[in-house]
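Here is a briefing for someone meeting this structure for the first time. Please look over the sequence and the model before reading on.

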Amino acid sequence: MAILGTKPFDLSVPVLVVGGGACGLVAALAAHDAGAEVLVLERDAVPTGSTALSSGFIPACGTRWQTALDVADDVSIMGSDIMAKAKGEPDPAQVEAVCAESGPTLEWLADSHDQPFILLDDFLYPGHSVHRMHAHPDKTGAALVGSLLGAVERAGIEVVCGAHVTDLFAGADGTVTGARVTRPDGTSDDVGCGAIVLACNGYGGNPDMVAAHIPEMAEAQYFGHVGNQGDAVVWGEALGAATRHLTAYQGHGSVATPHGILITWALMMEGGIQINTLGRRFSNEHQGYSEQSVVVLAQPDGTAFDLYDARLHELGMSFPDYRGAVDTGAVKVFDSLDDLAAFVGAPKVEIETTLRQCAAAAKGHLTDPFGRDFQGSEPLSGPPWYAVKVTGALFHTQGGLAIDSEARVLRQDGTPLPNMLAGGGAAVGVSGARVEGYLSGNGLLTAMTLGRISGRTAAGLISQM
């Protein structure tokens with residue numbers, strides 16, 4: 001990963017997009033719709049990225065899907081939720097920009113590119129005051145990426161796979177003139193460009209950068225894309241770009257182990273609990289699944305158990321990832337507390353005490369020592385009891401290149417680099433500087449909105465040349 005000097009190119013395109021995940025594909029569509037020719041370079045054989053590993057849920061406000069279900073939401077409400085979760089650390093202008101773009105981005109994708117979306121209204125994720133999670137009807141990130149890729153292909157936008165961008169070419173003033181593309185057989189090609197969009201996510205797949213910036217997750221399972229090597233940060237810094245909040249990241253406290261399958265946090269939000277090998281709860285499960293990753297890893301053996309009942313199992317079965325966990329045997333079913341205790345490795349009396357305390361809290365007879373409000377959710381009832389052994393994992397980093405409201409990468413002095421844009425995990429997110437600042441969906445929020453903004457800005461820069 002280096003910055004090379006300028007040179008003539010045999011092939012040149014107006015807008016070059018590095019990365020074929022949700023951010024890159026949306027950026028390509030936006031630049032195309034603004035009249036620019038676009039080329040997408042994707043290192044994998046098939047575009048996936050971290051998006052395909054996610055649930056694919058996109059927070060957006062003021063959408064027609066919300067209106068249809070009488071959900072009142074706007075930029076102010078959504079922005080307040082984001083800022084509250086991150087304790088006021090994100091840039092307010094960036095928060096306002098992505099919130100304002102969120103609804104229009106989804107409606108543009110639906111109207112101009114036949115992208116299907118639904119609003120999830122059966123539960124609220126931690127920190128969201130209203131229902132604003134939108135998703136592909138299949139409720140998976142893989143379905144979202146696949147649908148976006150179909151739209152890109154219908155638009156006639158070229159996507160070159162197996163094309164790993166290893167180096168950039170740039171002039172002394174920071175203008176990027178092209179990229180070096182290395183293929184699986186070791187050969188390389190150099191492609192010129194008028195503007196470049198970095199949509200290659202963050203550094204979660206780079207152990208050295210993880211150890212340097214978020215050492216508490218250095219030994220954690222990485223649940224993101226291995227190609228997220230921090231290229232955007234390295235290139236940007238080499239050109240004098242500023243970075244922000246490199247200590248921020250999204251974790252998750254409910255990844256089935258050893259199966260490596262995400263267990264939906266909806267189970268916790270609707271009444272489920274987590275216990276450790278002692279049979280005891282150890283946190284407020286409603287604070288957020290991101291910070292729960294650190295709490296779970298601090299438990300004996302770095303594991304915990306999602307514990308819930310048949311009602312919540314039925315809720316889980318509405319999610320494809322959960323059904324996959326059932327199919328692989330990650331979800332265990334027990335007809336007695338004796339069998340459940342044997343699986344957890346905890347004394348039965350401890351689990352009984354934990355369940356009794358939760359039931360009392362749900363009835364308002366007990367204040368939860370961890371601060372969770374159990375009232376409003378049904379007490380767990382069994383048998384049968386359902387349990388999944390889980391661990392904490394790193395999903396993706398939230399810090400990155402500093403950008404302005406047009407997704408232009410900023411130098412240390414706050415001025416923009418001439419033609420470099422960044423979105424998604426390549427750019428600083430809206431989660432502040434810490435793991436607990438991540439509000440559910442922040443990753444795809446910035447992937448989708450900054451994807452559209454960066455593509456639109458790139459096309460505008462080209463039109464001025």
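This is a predicted model: local features need pLDDT of at least 70, side-chain atom pairs count only at pLDDT 80 or more; totals for chains, interfaces and linings use all residues.

Residues are numbered from 1 along each chain as its sequence is written, and side-chain values use heavy atoms, with hydrogens and water left out. Helices (H or I, at least four residues) and strands (E, at least two) are DSSP runs, numbered from the N terminus. Residues are called buried under 20% relative accessible area, exposed over 50% and partly exposed in between, with a 1.4 Å probe and protein chains only.

**Salt bridges**

- When a salt bridge is taken as a side-chain nitrogen of Lys or Arg within 4 Å of a carboxyl oxygen of Asp or Glu, the count comes to 18.
- E285 is buried at a relative accessible area of 0%, R372 is buried at 4%, and R281 is buried at 11%.
- In helix α14, E352 and K348 lie four residues apart, about one turn of the helix, and their side chains meet in a salt bridge with an N to O distance of 4.0 Å.
- E352 is partly exposed, with a relative accessible area of 30%, and K348 also counts as partly exposed, at 32%.
- Through salt bridges that share partners, R281, E285, D368 and R372 are joined into one network.

**Two packed helices**

- Two packed helices are described by the angle between their axes and the distance between the axes.
- Helix α1 (residues 22–33) and helix α15 (residues 442–463) have axes that come within 7 Å and cross at roughly 35°, where axes are lines fitted to C-alpha atoms, for helices over the stretch in contact, and angles run from 0 to 180 degrees between N-to-C directions.
- On the α1 side the contact (heavy atoms within 4.5 Å) is made by A22, C23, V26, A27, A30 and A31, while the residues on the α15 side include L444, A447, M448 and G451.
- The residues of this contact divide into 10 nonpolar, three polar and two charged, with Ala, Val, Leu, Ile, Met, Phe, Trp, Tyr, Cys and Pro counted as nonpolar, Asp, Glu, Lys and Arg as charged, and the others, Gly among them, as polar.

**Cysteines**

- A disulfide is a covalent bond between the sulfur atoms of two cysteines.
- With a disulfide taken as a pair of cysteine sulfur atoms within 2.5 Å, a search of the whole structure finds zero.
- C99 is accordingly in no disulfide, and the nearest cysteine sulfur, that of C61, is 5.6 Å away.
- C99 is buried, with a relative accessible area of 1%, and C358 counts as buried at 8%.

- S147 is found in helix α6 (residues 141–154) and counts as buried at 15% relative accessibility.
- Apart from its neighbours within four places in sequence, S147 is in contact with Q115, P116 and H136.
- K348, not counting residues up to four places away in sequence, touches L337, D338 and A341.
- The C-alpha atoms of K348 and D81, which are 267 residues apart along the chain, are separated by 40 Å.

**Backbone details**

- Most residues other than glycine have a negative phi, and most peptide bonds are trans.
- The peptide bond from T257 to P258 is cis, with omega near 10°, and P258 is found in the loop between β13 (249–256) and β14 (261–262).
- P383 and P384 are also joined by a cis peptide bond, with omega about 0°, and P384 is found in the loop between α14 and β18.
- D301, although not a glycine, has a positive phi of about 65°; D301 is found in the loop between α10 and β16 (303–309) and is exposed, with a relative accessible area of 72%.
- A407, although not a glycine, has a positive phi of about 70°; A407 is found in the loop between β19 (400–401) and β20 (408–410) and counts as buried at 0% relative accessibility.
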